[in-house]
Amino acid sequence: MKSIAHISDLHFGRTEPALVEALLAELKALAPSVVAVSGDLTQDAHSAEFAAARDFLDRLPAPYIVVPGNHDIPRHNLLSRFTKPFSRYRRYITPDTAPLLVQDGIALIGVNTARRLVAHWNWSHGSISPGQIERVRETLRALPRGLLKVVVAHHPFLPPPDAPDTKLIGRAETALRVFATAGVDLILTGHLHRNFYGEVTAHHGRVRRPILVAQAATATSSRRRNEPNAYNRILLEGDRLTLEPRRWDGTGFVPMPPHGFEKVKGRWQAQPAAG
């Protein structure tokens, strides 16, 4: 069975060491096909934090894809923020802020949604540009048929079920309409430090094809927002996909009730999750 481990909001600089080690041990034991890291590797984009994040990535037991988050841009050094926002990320993590990874029948494409400046007082919000949207479309169109197509980004495309007015990524619906025509199956995001899942047509009425969204809580930091640390384990078997949140209970990551889906005539339908 193929699987994706989706982790987010590591926040090195505010991590809890026991969580970091437990997560690495868990991933080694479960042996995912690929690890997707959806941004905020650091707390304040300091060199020492990036070095710690680099060490973490080097210890992952599977191929991985990683994108930056808003905390990976300098917050306190405005000169660096505006002139070279991703210089440390590129130096320590990867020079590629728009990665593509095809592994074990899964195509993961990363989108950098962090911005040095947005037209809003809260610079933590993100957006996706028309050029990035077109790149996803062109890249996925060139890939072979039969792959599970996954977009990895930091900022949310769906709000939490109990907070429908949550600020979403800029151009969310425009991007989702293109993603739907490009055959995107799943979107992995973070930023909110909330764990939930959804399907985009329930919130974005002009999107005509279902796309699943898995939102991850913070995996390893003390910056919890009334939720335990958690990550997502995504199991793939044929046309069946199971989303399994795994939450920290103080001693280890334990599985929560899973959510099952099956692709029927190219469209995801909710099904009882495999036990």
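Which residues is Ile65 in contact with, leaving aside its neighbours within four places in sequence? In this predicted model, the list runs through several parts of the chain: Val35, Ala36, Val37, Pro99, Leu100, Leu101, Leu108, Ile109, Gly110 and Val152. Ile65 itself is found in strand S3, which spans residues 64-67. With a relative accessibility of 2%, Ile65 falls under the 20% limit and so counts as buried. By contact, then, Ile65 meets residues such as Val152, while Ala202, 137 residues away along the chain, has its C-alpha atom 28 Å from that of Ile65.

The chain holds six helices and 14 strands. A compact globule of 275 residues would have a radius of gyration near 19 Å, and the 17 Å found for the chain agrees with that. Along the principal axes, the C-alpha atoms fill a box of roughly 50 × 45 × 35 Å. Of the 275 residues, 56% are buried. Contacts between residues at least 6 apart in sequence tell a related story: 72% of them join residues at least 24 apart.

The chain carries 35 positive and 25 negative charges, and the mean positions of the two sets lie 6 Å apart.

S10 pairs with strand S1 (residues 2-7) through five bridges, and the two run antiparallel. Within this pairing, Lys2 has Leu236 as its bridge partner, and His6 stands opposite Asn232. S10 also pairs with strand S11 (residues 240-248), again in the antiparallel sense, over eight bridges.

Five of the six residues of S1 are buried, which leaves the strand mostly covered. Besides its antiparallel pairing with S10, S1 pairs with S2 in the parallel sense over four bridges. His6 takes part in both pairings: in S2 its bridge partner is Ala36, and in S10 His6 stands opposite Asn232. Ala36 is also one of the residues in contact with Ile65, which lies in S3.

Most residues other than glycine have a negative phi. Ala31, however, has a positive phi of about 50 degrees although it is not a glycine. Ala31 lies in the loop between helix H1 (17-30) and strand S2 (34-38). A second case is Asp40, with a positive phi near 55 degrees, in the loop between S2 and helix H2 (47-58). Are these two residues buried or exposed? Ala31 has a relative accessible area of 51% and is therefore exposed, the limit being over 50%. Asp40, with a relative accessible area of 2%, is buried.

Helix H2 leads on to Phe50, which lies within this helix. Phe50 has 0% relative accessibility and so counts as buried. Not counting residues up to four places away in sequence, Phe50 touches Thr42, Ala45, Asp72, Arg88, Tyr89, Tyr92 and Ile93.

Technical notes. Residues numbered from 1 in each chain as written. Predicted model: local features only at pLDDT ≥ 70, side-chain atom pairs only at ≥ 80, totals over all residues. Heavy atoms only, no water. Rg over C-alpha atoms; globule rule 2.2 N^0.38 Å. Buried < 20%, exposed > 50% of the residue type's maximum accessible area, 1.4 Å probe, protein only. Contact = heavy atoms within 4.5 Å. Lys, Arg positive; Asp, Glu negative; His and termini not counted. Charge placed at Lys NZ, Arg CZ, Asp CG, Glu CD. Pairing = 2+ DSSP bridges.
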